[in-house]
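I opened this notebook to follow a few charged side chains and some backbone angles through the structure. The entries below keep the order in which I looked things up.

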Amino acid sequence: MARDHGICYICGQPAATEIDHKLAVALGGAKTDPDNLAPIHAEPCHKKKTARELALLKRIANAARNGLA
């Protein structure tokens with residue numbers, strides 16, 4: 001948080017409340033790499049980003065299930 005002065009990496013506004021994996025671990029992001037960690041606002045930034053990631057993971061799972069991956 002201090003490294004990025006609490007600036008949300010999604011919207012660029014101050015007062016981020018959480019640290020996020022920029023590339024989700026489930027999508028191949030490094031769990032402990034400082035370059036993959038950044039401040040984010042819980043609402044709405046993190047909530048929206050997580051929803052996008054979950055949708056992508058569902059599409060990947062469906063493609064694998066259907067033999068497309």
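Predicted model: local features only at pLDDT ≥ 70, side-chain atom pairs only at ≥ 80, totals over all residues.

Entry 1, a backbone check. I began with proline 44, which lies in helix α1; helices here are DSSP runs of H or I of at least four residues, strands are runs of E of at least two, and both are numbered from the N terminus. The peptide bond that joins glutamate 43 and proline 44 is cis, with omega at about -5°. I looked at this bond because most peptide bonds are trans, just as most residues other than glycine have a negative phi.

Residues are numbered from 1 along each chain as its sequence is written, and side-chain values use heavy atoms, with hydrogens and water left out.

For accessibility I used the relative accessible area with a 1.4 Å probe on protein chains only, where buried means under 20%, exposed over 50%, and partly exposed in between. Histidine 5 is exposed at 69%, and alanine 15 is exposed at 57%.

Which pairs of charged side chains meet here? I counted a salt bridge where a side-chain nitrogen of Lys or Arg is within 4 Å of a carboxyl oxygen of Asp or Glu, and by this rule the count comes to three. One of them pairs arginine 3 with aspartate 4 at 3.0 Å, N to O. Arginine 3 is partly exposed, with a relative accessible area of 48%, and aspartate 4 is partly exposed at 26%.

Aspartate 20 and lysine 49 meet in a salt bridge at 2.9 Å, N to O. Aspartate 20 lies in strand β1 (residues 18-21) and lysine 49 in helix α1, so this pair ties together parts that are 29 residues apart in sequence. Aspartate 20 is buried at 7% relative accessibility, and lysine 49 is buried at 5%.

Glutamate 53 forms a salt bridge with lysine 49, the closest N and O atoms being 2.3 Å apart. Both residues lie in helix α1, four residues apart, which is about one turn of the helix. Salt bridges that share partners join Asp20, Lys49 and Glu53 into one network. Glutamate 53 is buried, with a relative accessible area of 16%.

Taking contact as heavy atoms within 4.5 Å, and not counting residues up to four places away in sequence, I listed Tyr9, Ile10, Asp20, His21, Lys22 and Ile40 as touching lysine 49. With the sequence neighbours excluded in that way, glutamate 53 touches Lys22, Ala24 and Leu27.

Is arginine 59 buried or exposed? Arginine 59 is placed in helix α1 (residues 42-65) and is exposed, with a relative accessible area of 53%. The C-alpha atoms of arginine 59 and lysine 49, ten residues apart along the chain, are separated by 16 Å.
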